[in-house]
Amino acid sequence: MGQTDKDDLIRLIEEDDATVEIPTILPLLPVRDIVIFSDMLLPLFIGREKSIRAVEEAVSKDGYLLLATQKDPTIEDPNTDEIFSMGTVSRVLRILKLPDGHVKALVQGLMKARILDYVRKRSVYRVKIEIITENPVQEINLEIEALMRNVKEHAERIMELRGEMSGDVGTILQSIEDPGKLADLVASNLNLKIQDSQELLEIFDPLERLKKINDLLSREVELSTMQAKIQSDVKDEISKSQRDYFLREQVRAIYKELGEHDEKTLEVEEYNKKIKRAKMSKQAEKEATKQLKRLEQMHPEAAESTVVRAYLDWMVEMPWSKSSTAVIDIKKAKQVLDKDHFGLNNVKDRILEYLSVRKLNTKMKGPILCFVGPPGVGKTSLGQSIARAMKRKFVRISLGGIRDEAEIRGHRRTYVGAMPGRILQGLKQCGTNNPVFMMDEIDKLGIDFRGDPSSALLEALDPEQNFAFSDHYLNLPFNLSNVMFILTANVTDTIPSALLDRMEVILLSGYTEEEKMTIAQNYLIPRQIKENGLRPKTVSISPGALRQMISEYTSEAGLRNLEREIGSICRKVARKVAEGEKELYFITKNNLSTYIGVPKYIPEMDQENSQVGLATGLAWTQTGGELLYVEATLIGGKGELIVTGQLGDVMQESARAAVSYIRANRDVFGVAEKVFENSDIHIHVPAGAIPKDGPSAGIAMATALISAVTNNPIRNDIAMTGEITLRGRVLPIGGLKEKALGALRAGIHTVIIPDKNKKDLAEIPKNLKRKIKFIAVKDMEAVLSNAISWKDKLGNEQGTKRG
């Protein structure tokens, strides 16, 4: 070997009395996720082309190469800046080429070296290195010995916690006397972070390296102890669960040997019996059996078992095949309806018709009725009477304010606290699949981000679809075709058209004074006497007092306030009886005010005299018919129209139509054009805080305006209702009976109605028609001839013209 070659070699160690020399230029093998220390022996799996060439080059020469760690292990082809400059010179002891082209090499770390320069970078990294020589510890004093012993104990403790401790490892640790080798050995066997391991590699002082490893070991002991505790807790929990499972299986086997059953088996058998008794549809029985098998395989304390049990409870308690069976007796049903309610002949006839058809055709689908009328006319109580007459169960739910679609269709079982919708809940409570099902306040359904309940009702209320109504909770079709649905509403305006189309609307008008008298004497007074604990003969209300209560203490289409006043009388009598005053109490017109105070309403007209520009219209509200006063006046201005009183778009259009009609016919009324050009027209409907709208105030506005323009008063004893066109025609309106009752309550006995509403007079009771004079008109000329007291040019009154 020449002198030049000897300069490129470094005398390293002696093996078997022979000197080993390592070249200063070596192939570089970048490694990932590990730092190689001296005397460390480990296998490497090599797959990168550069790395394979580095190993092959090392093996082809003397077997030496430099192992340095990558800074980022995710980089596939690292450059020189991405490799630590400090590494370990290692020797390849053995290589094995694998079938997939990779290489497995067994290497041994020899000593530390620093990269001085990269000699080659293309096909394989070749680097110029500097061997790092450490100064050995000359003397082991007490401090160093204590430090070494502490490191050995910590290392053994960590391996025990990890389950890696063996006798050979302990022997090796105890046999090492060199601090540097001990630090390297412990560092190579700990799962340290790459950064920590690299810092240890770059510490050249053995004692400093041993102190660093001691600090890392202390932290690692704490982590390993905590990890071992967590694993122990988990193992104990698993062991407990397994123990409980085996014990339950043993208990089940013992019960089986004794011929008895455990609780879970009994529960499953009980559900099996209930499923058979429920007589479900095939699809429902299949689903129930499937869920029961799931429950049988579950742990009794599993969270999902509670959900499955709740579902099975609903399934077995639903009335899949339970119906109310009764022989239909039409005469008896009529007696029940007549006994519970006075009047309401249209509703009673419709129910008796349904019962008659049902008697002839048992497969007839249930009707879907909608009772529309003001509060207190008996819509809800009528549903109860229908159920009694049909001998069916009665279910009632209130839909007012409901905004969540799940209230109708139910919640899906994935939600916590899920349950079926209100319809299936009602059927479960009544226990039959053909009850009379009343849904109150259908016109007060809401809608928001949770869905549209009215749309969810479309399926339930459609006779062509509800035989397979699907609830989100059961997720199975349920037959609702046998249910008789009855809905109630105050008005139909707020009911969606698609939903209204599925219902048969039956209007319930308000009661006349005679009807209220009869209902109070036969129903309200006996009920209040009973509810207040009085005897039937203790209190007596005369017809005169009762009539005064109806006319002066209440003003309503229904009967609720009247019953409250009767209840107030009964409570005062009950107090006197409770105080010991045992006598009979007679309520007459003379002493009525001592029981319920002074009258609240005056039946006489609000207008004592006929006035110019003040017309009396009629309105149909949720509470029945009411008077609607319309005022008109002319003020200085530029011909503008001012409309006040919170009027809706329809009423504002009626006001414009009335103005246009008058201006188009100003010559007929003898009004100069300059009157409209130099004056503003102001139309006002009192009670400005209450919104108003509707198409029936047109002729009242036109009459008030013509009266103001011509300075002729409008009769104060006449009310009118009807819409006006630009040609002066009077169009028909709705709610004639309610409006007539409202006029009668206010003391008005003459009502002008559209000619096309004469057909509706057939539905008005005869006693009401005897008290009110209805004047049918076709155009505004007939309205004005009856409503306005015309005067001649001299101011003498010509009298009222009758049409």
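Predicted model: local features only at pLDDT ≥ 70, side-chain atom pairs only at ≥ 80, totals over all residues.

Reader: OK. Is Phe 437 buried or exposed?

Author: Phe 437 has 0% relative accessibility, so it counts as buried.

Reader: How many aromatic pairs are there in the structure?

Author: Five aromatic pairs. Phe 437 is in one of them, with Phe 485 as its partner.

Reader: What is the geometry of Phe 437 and Phe 485?

Author: Tilted. The centres are 5.6 Å apart, with 45 degrees between the planes.

Reader: Which parts does that pair tie together?

Author: Two strands. Phe 437 lies in S11, residues 436-440, and Phe 485 lies in S14, residues 484-489. The pair therefore links parts that are 48 residues apart in sequence.

Reader: And Phe 485, buried or exposed?

Author: Buried, because its relative accessible area is 1% and the cut-off is under 20%.

Reader: What about Tyr 661 and Phe 669?

Author: Those rings are edge-to-face, because their planes stand at 70 degrees and over 60 is the cut-off. Their centres are 6.3 Å apart. Both Tyr 661 and Phe 669 are buried.

Reader: Switching to charges. Which ring does Lys 50 lie over?

Author: Tyr 125. Lys 50 is 4.2 Å from the ring centre.

Reader: And Arg 413? Which ring is that over?

Author: Tyr 311. The charged end of Arg 413 is 4.0 Å from the centre of that ring.

Reader: Helices next. Which residues of H15 are buried?

Author: H15 covers residues 422-430. Its buried residues are Ile 423, Leu 424, Gln 425, Gly 426, Leu 427 and Cys 430.

Reader: What comes just after H15?

Author: Gly 431, with a positive phi of about 80 degrees.

Reader: Where is Lys 293, and is it buried or exposed?

Author: Lys 293 is in helix H9, residues 282-297. It counts as exposed, because its relative accessibility is 51% and the cut-off is over 50%.

Reader: How far is Lys 293 from Val 268?

Author: 8.5 Å in space, C-alpha to C-alpha. In sequence, Lys 293 and Val 268 are 25 residues apart.

Reader: Cys 370 and Cys 570, buried or exposed?

Author: Cys 370 is buried, at 0% relative accessibility. Cys 570 is buried too, with a relative accessible area of 2%.

How values were computed
Residues numbered from 1 in each chain as written. Heavy atoms only, no water. Phe/Tyr/Trp six-rings, centres within 6.5 Å; stacked < 30°, edge-to-face > 60°. Helix = DSSP H or I, 4+ residues; strand = E, 2+ residues; numbered from the N terminus. Buried < 20%, exposed > 50% of the residue type's maximum accessible area, 1.4 Å probe, protein only. Lys NZ or Arg CZ within 6 Å of the ring centre and 35° of its normal.
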